[in-house]
Amino acid sequence: MRVLVEQIDTFGGQPIIIGAGLAGLLTALYLSPEPVIVLAKAPLASGAASAWAQGGIAAAVGADDDPALHAADSIAAGDGLCDASIVERIAAAAPGAVDDLARRGIAFDRSPGGRFNLGLEAAHSRRRIVHAGGDGTGREILRMLIASVRQTLSITVLEGVEARRLLMADGRLAGILAQTGAGPLVLPSSRVVIATGGIGGLYRHTTNPLGAIGQGVAFAARAGAVLTDMEFVQFHPTALDVGVDPMPLVSEAVRGEGAILVDEAGERIMAGQGRGELEPRDVVTRVVWGHITEGHRVFLDARKALGVHFTARFPTIAAYCHTAGIDPATMPIPVRPAAHYHMGGITVNETGRTSVEGLWACGEAAATGLHGANRLASNSLLEAACCARWVATSVAGTTARSRSNLQPTATPGDMVDANPMRDIMARYVGVLRDRFGLRAAIEVLRPLAFGDHAAADPALVGLMIATAALLRKERRGSHYRTDFPGPAYLDSRLSLAVSEGDIAAHFVPAISTPIAVGA
Ligand SMILES: Cc1cc2nc3c(=O)[nH]c(=O)nc-3n(C[C@H](O)[C@H](O)[C@H](O)COP(=O)(O)OP(=O)(O)OC[C@H]3O[C@@H](n4cnc5c(N)ncnc54)[C@H](O)[C@@H]3O)c2cc1C
């Protein structure tokens, strides 16, 4: 532990946004002209999953579409655990959110007549994926947001500054503790937005930036915030399997264009399964996983569907493939499942407020109720874009409290390291789960999570995922227990609250009834 060396008062209690992906940067822009500080532990545009989004943004903008259909598809994917009112609100706001991004300068791909070129992804009943730069939607969005933020004088971006703790004083949120290249510092504020993204970096195989280790979720938990749906981790079935960490994604949109999944003998592995390659993501993932664990290899074959047109439609994916010596026009692409998206996170209401006064969450770190047990493809950029506006409105409408007296404090060590747990998560808390594996993971993670260890925060998040997975005794969406035969229709969403020293788990609405870990 090192003693705190610097406390910065210059910013006079401005709201602080932790994270500079779509959620964080757009919240900052919506807050303008109110002054705001944005913290990014990595340089802008690197370290944010937003920049890597390929498929696009789901919105009912097609002539044959309607927000009610989009909402129905989202609810079906969520397998009974979506919050219908949030789903309807976000589906209804989606066309406006896309318009807003277009007005801010995103050149979405359109036909010569000006209509959106709409992509199709799994479990969508209509073509409704708005995209930019072919498969470069996220890159285009972040480029525009970064340029806008740089031109907005009310926004102060602190790059290379990593938040480490929420600071409480007299039981209230009072600021954050951060680590910089020059040492630790304190930023006082009574209004903080967590926009730290996902958790894929906790797993050995992931499509996420390796810094996506759920730090914001850990901060919120340690500050007493309620978390929901932690057990629901989406594994993408088609990460490019060429030994690169993190694994480049081969978007579902490639299957949307007709590419098929085959084994090493060229046999189609999704033949006879409902909508085939466009079955929901969790279904496709389990089929791919099953083949791989039986010793087969799995490939995405786009030769017939796209052939020489592959590079024009999917330039980013084609570049990943070519770097690995694969020509997708003439060769099948090797793929395997990888941790991709976290449906759960910090429980928020429709304005993004958490259960801790003065704390909001936005983007993948938040659990709004949109995704339930399984996210519908391309609903996450949408969620971040819609919620950023609602969070900004709520933050702006909340008066800053006068500064609390923040005593110099100690900060955890120089680095945060998820490496010690990545194999444990992959082995025991992955695509298929059972009580023995989950208990084994909890045994290893618990001492890490509550000790003075570089892996403490990532381990806490992993521990909460494993604990919630152990408590959910059924198969539901992305959560597949091999020791239970199917869904048990446990309709409740599972919430967890953490206290330093131990973890107590609660079912909503019976929040006050703790269930011991290992139950
Ligand atoms: C390869 C890939 C493709 C995807 N494709 C799509 C798609 O087509 N459509 C779709 O809807 N979704 C897609 N997703 C999901 C989507 O990109 C993310 O869910 C979404 O971008 C999350 O946005 P965010 O702003 O919450 O987090 P991010 O964009 O990940 O940003 C998180 C930010 O927080 C910062 N940060 C983290 N911890 C700290 C800390 N302690 N201190 C300071 N800063 C911190 C990071 O550096 C980063 O700036 C994809 C995801 C991946 C990985």
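Tutor: What follows starts at the ligand and then moves out to a helix, several loops and a few single residues.

The model is predicted, so local features are taken only at pLDDT of at least 70 and side-chain atom pairs only at pLDDT 80 or more, while totals for chains, interfaces and linings use all residues. Residues are numbered from 1 along each chain as its sequence is written, and side-chain values use heavy atoms, with hydrogens and water left out.

The shell around the ligand holds 39 residues, of which Ser50, Gly55, Gly56, Glu364 and Ser380 come nearest; a residue belongs to the shell if one of its heavy atoms lies within 4 Å of the ligand. By class, 18 of the shell residues are nonpolar, 17 polar and four charged. Here Ala, Val, Leu, Ile, Met, Phe, Trp, Tyr, Cys and Pro count as nonpolar, Asp, Glu, Lys and Arg as charged, and the others, Gly among them, as polar.

Several polar contacts can be listed (pairs of N or O atoms within 3.5 Å; within protein, one must be able to donate a hydrogen and the other to accept it, and residues adjacent in sequence count only if both atoms are side-chain atoms). A side-chain N or O atom of Ser50 is 2.4 Å from an oxygen atom of the ligand. Lys41 places a backbone N or O atom 3.1 Å from a ligand nitrogen, and a backbone N or O atom of Ser378 is 3.5 Å from a ligand oxygen. Of the 1000 Å² that the ligand exposes when taken alone, the protein buries 97% (areas by the Shrake-Rupley method with a 1.4 Å probe; for residues, only the protein chains shown count as cover).

Two or more shell residues come from each of α1 (22-31), β4 (36-40), β9 (162-169), α5 (215-222), β17 (333-342) and α10 (379-396). Helices (H or I, at least four residues) and strands (E, at least two) are DSSP runs, numbered from the N terminus. The largest share, three residues, is that of α10.

Ser378 sits in the loop between β20 (366-367) and α10. Its phi is near 65°, a positive value in a residue other than glycine. At 7% relative accessibility Ser378 counts as buried, where buried means under 20% relative accessible area, exposed over 50% and partly exposed in between (1.4 Å probe, protein chains only).

At the start of the helix, a side-chain oxygen of Asp66 comes within 2.7 Å of the backbone nitrogen of Ala68. Just after the helix, Asp79 has a positive phi of about 55°.

The loop between β4 and β5 includes Ala45, which is partly exposed at 37% relative accessibility. Apart from neighbours within four places in sequence, Ala45 is in contact (heavy atoms within 4.5 Å) with Ala51, Leu142 and Ile146.

Two cis peptide bonds also fall in loops. The bond from Ser32 to Pro33 has omega near 10°, and Pro33 is in the loop between α1 and β4. The bond from Asp245 to Pro246 has omega near 0°, with Pro246 in the loop between β14 (233-240) and α6 (252-256).

Asp229, in the loop between β13 (227-228) and β14, is not a glycine but has a positive phi of about 60°. Asp229 is buried at 2% relative accessibility.

His479 belongs to the loop between α13 (456-471) and β22 (494-499) and is buried at 0% relative accessibility. A polar side-chain atom of His479 is 2.8 Å from the backbone oxygen of Arg472. Leaving out residues up to four places away in sequence, His479 touches Glu231, Phe232, Arg433, Ala469, Arg472 and Glu474.

Lastly, Asp282 in helix α7 (residues 281-293) is buried at 11% relative accessibility. Beyond four places in sequence, the contacts of Asp282 are Asn374, Gly477 and Ser478.
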